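Let's talk through how to read aromatic rings in a protein model. Have the picture open as you follow along.

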Amino acid sequence: MARLGRLLALLALGAPHVCRAARVELNWDVGYLTANRDGYIERRAIGVNGQLPIPPVYVTHGDTLVLNVHNSLDVATAIHAHGLFQNGTSYYDGAGMVTQCGIPPGANFTYELAATQVGTFWIHGHYKHQNTDGLRTPLVIRAKPSAPAEYDDDILLSLEDWYPTESQVKLAEVLAPNAPFPPAATFPYALINGYNGNDTKPIRVVPGRRYRIRLVSMAATEWFKFRIPGHKLDVIEADGIRSKPHPVDGLDIGPGQRYSAIVTARDSAEFNFMYNITLYANFVPLIQG
């Protein structure tokens with residue numbers, strides 16, 4: 001028995017290195033703010049804690065994401081974790097007027113989201129197109145480290161279409177009984193990591209290193225094209241599902257879709273290079289160096 005006690009004590013001493021699940025708690029105050037996101041038009045938008053873009057959310061497989069939401073809007077709101085399974089927890093799915101009545105103005109609701117999957121997802125408003133007005137951000141669920149990493153660093157690129165008018169204003173124009181039909185087209189701008197092409201900072205890479213590029217389309221309606229000229233993209237994830245590496249020259253990515261691709265940076269620092277993101281309505285080149 002004494003030997004068994006000593007063994008248990010040794011095991012207890014070694015236990016801290018074991019990865020344990022955590023409760024990752026975030027407080028979100030969802031409210032209006034004024035933003036000029038495309039560099040041309042300032043308009044009312046929806047952010048969190050007075051911020052837009054909303055900071056990405058990172059958790060580890062096995063964690064529980066606790067999202068305490070306070071609604072400071074003048075209408076109801078609801079939050080949906082896009083791509084997460086809700087087996088037995090549909091009351092946390094956040095689909096307004098489907099699985100949830102919506103959080104009334106001035107009220108609170110707490111979502112508990114189990115990170116049972118691994119991959120790239122996103123969180124967005126799921127009530128009256130509030131995601132179109134800015135209520136959206138990436139969600140990355142990382143695997144627990146168990147084997148040598150297959151890449152050196154992780155780069156997250158969120159893609160958004162940004163319209164010059166609020167979603168409810170545009171909806172009222174479309175539904176007005178005496179308005180001309182079809183309604184006049186409204187073209188969006190592309191935002192990368194929450195900013196337009198002129199404000200997006202270059203991404204610094206080290207020659208010869210391998211990078212996992214996570215692409216998250218948080219768009220409302222538009223498709224994007226992504227490529228890095230002179231580089232192959234080895235796709236390893238699609239919509240939160242791991243896949244065998246599949247080399248492609250570029251990707252088409254539609255609303256709600258996510259991809260991860262491993263890219264090896266050129267083995268020379270002699271030249272900078274570009275990654276190109278094309279929104280089907282307009283083109284936004286970005287310098288990477």
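**Reading the rings**

Q: Where does the charged end of Arg37 sit?
A: Welcome! This is a predicted model. The charged end of Arg37 lies over the ring of Trp162, 4.6 Å from its centre. Arg43 also has its charged end over the ring of Trp162, here 4.1 Å from the centre.

Q: How many aromatic pairs does the structure hold?
A: Two rings count as a pair if their centres lie within 6.5 Å. The structure has four such pairs. One of them joins Tyr40 and Tyr189, with 5.2 Å from centre to centre and 25° between the planes. Planes under 30 degrees apart count as stacked, so Tyr40 and Tyr189 are a stacked pair.

Q: Which parts of the chain does the pair of Tyr40 and Tyr189 link?
A: Distant ones: Tyr40 is in the loop between β1 (23–35) and β2 (43–48), while Tyr189 belongs to strand β10 (residues 189–192). The two are 149 residues apart.

Q: Is Tyr40 buried or exposed?
A: Look at the relative accessible area: exposed means over 50%. Tyr40 has 58%, so Tyr40 is exposed. Tyr189, at 31%, is partly exposed.

Q: Which residues form one aromatic cluster?
A: Tyr91, Tyr92, Phe109 and Tyr111 do.

Notes:
Residues are numbered from 1 along each chain as its sequence is written. This is a predicted model: local features need pLDDT of at least 70, side-chain atom pairs count only at pLDDT 80 or more; totals for chains, interfaces and linings use all residues. Side-chain values use heavy atoms; hydrogens and water are left out. Rings of Phe, Tyr and Trp (its six-membered ring) pair if their centres lie within 6.5 Å; planes under 30 degrees apart count as stacked, over 60 as edge-to-face and the rest as tilted. Helices (H or I, at least four residues) and strands (E, at least two) are DSSP runs, numbered from the N terminus. Buried means under 20% relative accessible area, exposed over 50%, partly exposed in between (1.4 Å probe, protein chains only). A charge sits over a ring if NZ of Lys or CZ of Arg is within 6 Å of the ring centre and within 35 degrees of the ring normal.
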